[in-house]
Every structure is written in C-alpha cells, then in structure tokens.
Amino acid sequence: MLQLQDISITFNENTPDEKKALQSINFELQKGEFVTVIGSNGAGKSTLMNIISGNLIPDVGNVIINDKEVVDLPEYNRSKFIGRVFQDPMAGTAPSMTIEENLAMAYARNKKRKLKPGVTKKRRIIFKEYLETLNLGLENRLSAKVGLLSGGERQALSLLMATFTEPDILLLDEHTAALDPSRAELIIDITRDVVNKYNLTTLMVTHNMQQALDLGDRLFMMDKGEIILNVFQEEKDNLTIKDLMNEFQKKSGSQFESDRAVLV
Amino acid sequence: MLISLFGAFESGIIYAIMALGVYLSFRILDFPDLTVDGSFVTGAAVGAIAIINGVPPIIASIMAGAAGFIAGCLTGFLHTKGKINALLAGIIMMTALYSINLRILGQPTASMLNESTLFTQLKSLPSTWAIVLVMILVILFIKFLIDYYLKTEVGLALRATGNNKIMIRSLSANTDFLIITGMGVSNALVAFSGGLIAQYGGFADVNMGIGMIIIGLASVIIGESLFGTKTIVRATFAVIGGAIIYRIFVTMALRVDFLDTGDMKLITAILVITALVAPRMINARKEKKRKIRKRSELMQRKAGEA
C-alpha cells in the first residue's frame, strides 16, 4: 500500500548547520497496517511524515502509494490519497467556517471540486451520521463556526474529516500532544475505532510510549534519521516501556532523550 | 440636496460592484490587494476606448471586466509562483498598470461625451428611476452569483484558502490556482465597476483610480460594522450597503462649506478609522458596564447575606 525506497534528505547541506534528517529509509506497509512511530527530538519523525504527504521532496528515493510513484506529485495532488491530522488542533480545520462547511471540504478531498453547492440536504444527513459516531453532540451544531469549538472537539472533527472518505494512507502527527489527558484518551479511542472500521493504513507519530505500545500492530523507533527498531505484532505485544528504553540505548549508544516523551 | 443624494445612491451602487471585488480579495482570500487602484482604471480605459471605437456598451463593459480579470490573475501569479509578498505584488501591478492604462487611453483623459453609453441608453427610457432600478438589478444579480459561488465546493475551498491554507492543502485543494483565479474574479469586478463609472461620468482618466482601494476598504468595513458578517449572504449585503452609505456620506460632507473636493481622501481616511475603532470602543464600554453591574450585584448579595 505504502512503500518508501531509499529515502534520504539533508537540510542545509555543506554548512555548519548541516542535518541529515533522513538516511536511506526503506519500508513497506500492507493495507490496514497500523504503525506507531517513536523517537527522540530531531529523529526525523516529522520529516518522514512530511515526505509521505508531499510537503517535502526527498533528495533521493521514492514514495509509492498503491503501486503509483507519487514522489513528484505536489502536496495538493497527493492528498487525494492521504488523510492527515496535525498536532495543532487549529491546523486541521477552518475556524471561520461552519462544521458542515468543513466537512463538505473534506468530503471533496478525493473528488474533483465542482461549481455545485458544497453542503446539500443529502450531505447534511450523511455528515450528521458521521458526527454522531463521535458522541460529542456536534451533530446538533452543524452550522456553528468551528472556531467556537474546544481543542478536543476540533481535533475530533479533524480526525473525522481526515478519515471518513477512507483515504489510502492516514498520517497522524502527534495528534494528541496538545490535548489534556482525558481529551487525549478520547481522541485515541476515536482513532482506534475509525482505523479498525475502515481498515486504514496508518502511520502515527507519538511521544507517548504507552500509546505507541497500546495502539497499532507495528512499531518504528527512529533516531538520527534512521529507523533503528522495527517490531511486528507478537513481538510488540510483549514489549514494555523499559524494553524500549534499553533497546534505544543499545542501538543508538545514548539515553532516550525527549523533553516531551511521556514514559508512563 | 435630494438630487445630489439620489446621484450618490446611483453611483454608490456602481461602486458597490468594486467593493464586492475588494471584499473577495481582502476578506475571503485575506489578500490586501493594491492592484485595485490600477485595475479600476484599466476597466475604465478599456470600456471607454472600446465604446469610442464603436463597440456596443454592454460588450465594452464585459471587456473591461475581462481586462481586470487578467490583471488580477497576474497579481495572484506574482504572489503564488513568484513568492512575492501580497502587498508588494499589488503595488508592483498597480505601478505597471499605470503605464499600461496610459497606453490604452493614448492620452491622460478620454471623453465619451458624444458616444452612446449604457447610461445614455437608459436615460432614453421615460422614467428618472431607470438607472437606479437597472443598477439595483445588476448588483443583486452579482451579489447572488457571489453568494452562490462561495457556497460551491470550489467556493468553500477558496474561503478556506484565506482561512487556513495548511488545512485546505491537506484536503487536496490547489491553493495557488485558487488564489490566482480568486484575484482574477476580484479584479474583474473592480474593472467592471471602473468601466461603468467611466460611462456614468462620460470620461476615463488615468488618475481616477488613486485611493480606490481605500474607498473599497471603507465600504467593506463600514458595511460590516453596520450590518454584521454572520453569514456570506449578510456580509455581501453589508458590503453593498457600506458602499452606498459611503457615497452618501462623502456627498454630504462635501456640501459642508469649508470642505472641498481635495479633502475627500482625508474624509475617507477618517471614515475608515472611525468604522474600525468605534465598534471596538462601543463594545469595550458595554463590557465595562456589564462588569460594574456584576460587581454591584455581588456586593448586594453579600450585604443581603450579612
């Protein structure tokens, strides 16, 4: 479903600030695989997400989605296949537009946008049904401006907008990091539900090690632009946070260091 | 007095078309577009020269709009593909258009006094209300088109482009294309309005666009603070109302003895400042009163308990 071949990218090459953000990354995800990605600060997690989404073009290497080479496709073209939720709850929705208008824009993601009304009676019914699955009462506030919603509500809406058109790839970039623990838990529950429901191929970056172990069926650990650990279902089920820390120390020769890492 | 107010209302409706264009760029795309000062004249010049060369007035007006569309697209192109700051891109286009407008006109001023324009054709109708009624129909038609457009799938993406680019790009919208065409439509309206104003006044002058962007902004801001912006339908109505009220206000101000036509820009600037600051001051005052009331209620309750 998603394949990365020999992806490398270096920022500020030949300057004192040179940073090898990714060094020949190779992996392949099968349809429905749910990977959690952890790593210290500057390990290249966000760069990896940006390369898949088309926000960054790698120096070398290939991105293949659904047997199609997409590495040269601009971001707006690629996002036909990719749903994304950002860390910042403000980033995934348009605040001065209504909930139904936001959903209508997401609804048009994998289609060609036309000069016909975005919100119709028929679509409103569909939107309501989707919103009901969130259990936040948003289905009764279709014409409320999104800017009036709380951070948790906006993030839940972003998640719905990213998934309800069943994208080939779902990218979650620390999408619970800006929320308080109870809201974060809610978003994680919704994430688990939608990924299961649509069998979405998912890549989720997180700073929360417990989250990384609890969710998904595969785990990447990244350091200095490389994937230093790649474990699958059974092995992952038996891992503990302590194992992860030890593994990190063994592979990278340093302590796992992240000011935002949540260990418990 | 009444006659001049009537005239202000008439020209206010024509300027409202320009104000709707400014609303599209300034509010919807969040793009402060100074091209307007140039594209308004481009519209006037193209319309006037076409009419002088025997083109039917309606077609000449549409040509004026088309010229504005091209100018707007170029500004959008400079901003998106050339990565030039929005304000600077507008200033560059405005400067370039000055020379282009002079080329189109061939001389600083072109007169249409003996030509048949849209308005001389309308004046041949029996009623004095003909121009106003027809212009009201035209502006309502344009308003409904814009309202409809902004609710279509493309229109929603256009609004999101001015609201949250990161988001709409992640939802597969080509923001560069939307900005370029959006700026095109915006300046098409401005130039169409310019073409009509030239026919209304019977001439096109290379300097008639100076300060036009401020007049547009004044209309948008006055309208918004008087009529509100809750929905698109209401906001476009507010912009039209703002443009008419602005015209009426300026006409009345010019009747005051110690003010003359040269003071118009100053009056406009003061109007815009008032429209921007006054609502905020009124709100702050209301809020202060509310707090004082709350506090005194609390004191009374405490006194009651004691």
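Mentor: In α9(A), four residues are buried: A:Ile241, A:Leu244, A:Phe248 and A:Ser252. Buried means under 20% relative accessible area, exposed means over 50%, and partly exposed lies in between (1.4 Å probe, protein chains only). These four cover an arc of only 55 degrees around the axis, which puts them on the same side of α9(A). That arc is taken from the directions that run from the helix axis to the C-beta atoms. On the other side of α9(A), A:Lys242 and A:Lys250 are exposed.

The model is predicted: local features need pLDDT of at least 70, side-chain atom pairs count only at pLDDT 80 or more, and totals for chains, interfaces and linings use all residues. Residues are numbered from 1 along each chain as its sequence is written, chains are lettered from A and ligands numbered from 1 in the order written, and side-chain values use heavy atoms, without hydrogens and water.

Now the helix itself. α9 of chain A runs over residues 241-252, 12 residues in total. From first C-alpha to last it reaches 16 Å, close to the 16 Å expected at 1.5 Å a residue. The expected span is 1.5 Å times one less than the number of residues. Helices (H or I, at least four residues) and strands (E, at least two) are DSSP runs, numbered from the N terminus. Just after α9(A) comes A:Gly253, with a positive phi of about 75 degrees.

What do the buried residues of α9(A) pack against? They meet β3 (34-39), α7 (209-214), β9 (218-223) and β10 (226-232) of chain A. A contact means heavy atoms within 4.5 Å.

Step back to the whole chain. Chain A has nine helices and 10 strands. Its radius of gyration is 19 Å, close to the 18 Å that the globule rule gives for 264 residues, so chain A is as compact as a globular protein of that length. That radius is taken over C-alpha atoms, and the rule is 2.2 Å times the number of residues to the power 0.38. Along its principal axes, the C-alpha trace of chain A spans about 60 × 40 × 35 Å. Buried residues make up 53% of the 264 residues in chain A. Among contacts in chain A between residues at least 6 apart in sequence, 68% join residues at least 24 apart.
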